[in-house]
Amino acid sequence: MTGGREVTDLPAVGAAPEGPVRPSTPAPSIDEFLHTPARLGICSLLAPAEWVTFSFLRESIGTSDSALSKQLTALEQAGYVESRKDRALRRQTSLRLTAAGRVAFEAYLRSLEDLLARARGIT
Amino acid sequence: MDANEARDALTLVARRRQQTVTAGSAAWSARATWSTCASVLALGVLTDVGMIWLWVLLMVMGVGVAWNNGVRLRSTAASRRWRVALVGSFVVAYLAYVAGQFPARALDWPLPNTVGAAAACLVIVTLVRAVHARLAGSLRP
């Protein structure tokens, strides 16, 4: 993957409230590239949809055009998002998660859930 | 990252997902219904007064933009069936447009297309909007 994406190992979650963490379970790794509120918000909005317009993203997140463009460019360069110009009468940009983006986002969510499970001492 | 941060991130994801699903599965708003009926009525009136070019111009200027809610959710098996039903309901609206003209022409009223368009609007408000609401509901994952 390109675009400065980083994957780091999480420190083991200590002081599990309901039991010790099994030492054989590896600590989940987290996609640091996705782990920013802006990019996470964008991917979460795109995930259930086929296509989403730029204006919907901007209004949902409550950010400026330029700030959103910057995040989308980074996501496009990483291969997570693709955009298209609609051929409608009022030209607008639509975006969607690529297959790679969907896989990375699902993996990111799994790692968060793993982390929570470890904290609860489930795994 | 600790567990609280992970929980916060998952909460954010769930909230954002819900925003998209809610927007993508919304039924026609009053604005969308009004814009549809207005364009159908405009079609009738402008046909009667021989200015159909103006209707084309209005459409090109984007009267129907109110329909676009910014989200297209992925199709489901149920939504594909409702999409066919939606097309069928528009066909019924067209038939109402044609049928509505018969009495107007028989009575020699001056604006038969406008009467037909009013009948089509009735079908849009009652049938088409209801079918679209079912279609939108069927898109929810």
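Begin at the interface of chain B and chain A, where two salt bridges are found, a salt bridge being a side-chain nitrogen of Lys or Arg within 4 Å of a carboxyl oxygen of Asp or Glu. This is a predicted model, in which local features need pLDDT of at least 70 and side-chain atom pairs count only at pLDDT 80 or more, while totals for chains, interfaces and linings use all residues. Residues are numbered from 1 along each chain as its sequence is written, chains are lettered from A in the order in which they are written, and side-chain values use heavy atoms, with hydrogens and water left out.

Select Arg72(B) and Glu50(A): they form a salt bridge whose closest N and O atoms are 3.2 Å apart.

Next, select strand 3 (residues 49-53) of chain A and strand 1 of chain B, which pair in the antiparallel sense over three bridges. Strands are DSSP runs (E, at least two residues), helices likewise (H or I, at least four), numbered from the N terminus; two strands pair if DSSP finds at least two bridges between them. Within this pairing, Val71(B) is the bridge partner of Val52(A).

Now display the whole contact (heavy atoms within 4.5 Å). Chain B contributes 28 residues and chain A 33 residues. Together the chains bury about 2500 Å², 63% of it on carbon and sulfur atoms; buried area is the accessible area (1.4 Å probe) that two parts lose on being put together, summed over both. Finally, highlight Met1(B), Arg72(B) and Arg74(B), which supply 26% of the area that chain B buries against chain A, more than any other three residues.
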